Amino acid sequence: MGSMDAFIRAVPKAELHLHIEGTLEPEMVFELARKHHLSLHYSSVEALRQAYCFADLQSFLDVYYQGASVLRDESDFHALTSAYLRRAHADGVVHAEIFFDPQTHTARGVPFEAVIGGIRSALAEGKQTLGITHRLILCFLRHLSAEDAMTTLEQALPHAGAITAVGLDSSEAGHRPAKFASVFARARSEGLLAVAHAGEEGPPEYVAEALDLLKVSRIDHGVRSEEDPALLARLVRDRVPLTVCPLSNVRLRVFDRMEDHNLKRLLHGGLCVTVNSDDPAYFGGYVAENYLAAYRALGLSRADIVQLASNSFEASFLPRGEKDAWLRRVRELDAD
Ligand code: HPA
Ligand code: ZN
């Protein structure tokens, strides 16, 4: 195969760290605002896009929650999810494990059923028309209370068959994983798996705490694990995957420049690193752009790209047989 750009787009990959609310493009913000007769603080799509300049995680979250407020009914969630799946398909995504934040919507009076209903119908359609398989991960907002998270979990339990795992997102600093230990224990007792954002802005201790207290299967971001050699050794030994999001990390100033990102060191250090887009409408690109940006800035090799794509299946919640089938397809494409 010719250029690395073409190979990166073509290689089958799973996306494991994607907030569906973070795929809300400015065009759709304006479209939904018009539909629901809402006034926006921005005069145009361009003006809104220009506002996507962030100093840190919190300054992003403020804009992100405001953007999400135009999502009002089931068809909005359907349209949002369908648009993501079409873009992911163009980037070679064959399997997507999608986060959603029900509290962002139920707090505004949107029924939980409208949120999950719209997302699920679009995912079912995406499987039919694009062949993309999926899992759903319900994230709790860590800046809200553990009681609020427990109420949300109870709302979700009638839909537990459609949900694979729970996760933890929003403002990390000062909201350690321990705060949610009993909510995660309850979720696990109901048969759900667990993941958590940790070590994005928060310290490596939060990564260890997510493993020890929340019993997570993988860590979202986790890049600050590098500050603790004993933790790194544990992540390698236990094959704990990290869902790394390169463009997000640079946009939110976790690293000043892509050239400074530690993805290549973590990968070569033996960690199961994956590449993901996080909130692509806000951070300047979908998953292929994240692979390309890391490839260009860090000088990744073709073998590195093959490893990252393979890791995305290995780290997924797919059954062993489906993982193996995709791992074979990655190897076949590499050999072409
Ligand atoms: N970190 C924490 N919360 C989030 C993120 C993130 O990168 N994206 C959406 N919610
Ligand atoms: Zn995230």
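**Entry 1: contacts of ligand 1.** I began with His 19 and found that a polar atom of the His 19 side chain lies 3.2 Å from a nitrogen atom of ligand 1, a value I note with care since this is a predicted model. I then looked up Ser 170, where a backbone N or O atom is 2.8 Å from a nitrogen atom of ligand 1. For Glu 200 I read that an N or O atom of the side chain lies 2.8 Å from a nitrogen atom of the ligand.

**Entry 2: the space and its shell.** I checked the cavities next, and the space taken by ligand 1 is the largest cavity. Which residues are around ligand 1? I listed His 19, Leu 57, Phe 60, Leu 61, Tyr 64, Asp 169, Ser 170, His 197, Glu 200, His 221, Asp 278 and Asp 279. Sorting this shell by class, I noted four nonpolar, four polar and four charged residues. I also asked which helix gives the most to the shell, and wrote down helix α4, residues 57-68, which contributes four residues.

**Entry 3: the whole chain.** Lastly I looked up the extent of the C-alpha trace, which spans about 50 × 45 × 40 Å along its principal axes.

Conventions. Residues are numbered from 1 along each chain as its sequence is written. Chains are lettered from A and ligands numbered from 1 in the order in which they are written. This is a predicted model: local features need pLDDT of at least 70, side-chain atom pairs count only at pLDDT 80 or more; totals for chains, interfaces and linings use all residues. Side-chain values use heavy atoms; hydrogens and water are left out. A residue is near a molecule or strand if one of its heavy atoms lies within 4 Å of it. A polar contact is a pair of N or O atoms within 3.5 Å; within protein, one must be able to donate a hydrogen and the other to accept it, and residues adjacent in sequence count only if both atoms are side-chain atoms. On a 1 Å grid over the protein atoms alone, a cavity is a set of points where a 1.4 Å probe fits but cannot get out, and a pocket is an open set with protein on both sides within 12 Å along at least five of seven lines; lining residues have an atom within 4 Å of a point. A molecule sits in a cavity or pocket if more than half of its atoms lie within 2 Å of its grid points. Helices (H or I, at least four residues) and strands (E, at least two) are DSSP runs, numbered from the N terminus. Ala, Val, Leu, Ile, Met, Phe, Trp, Tyr, Cys and Pro count as nonpolar, Asp, Glu, Lys and Arg as charged, and the others, Gly among them, as polar.
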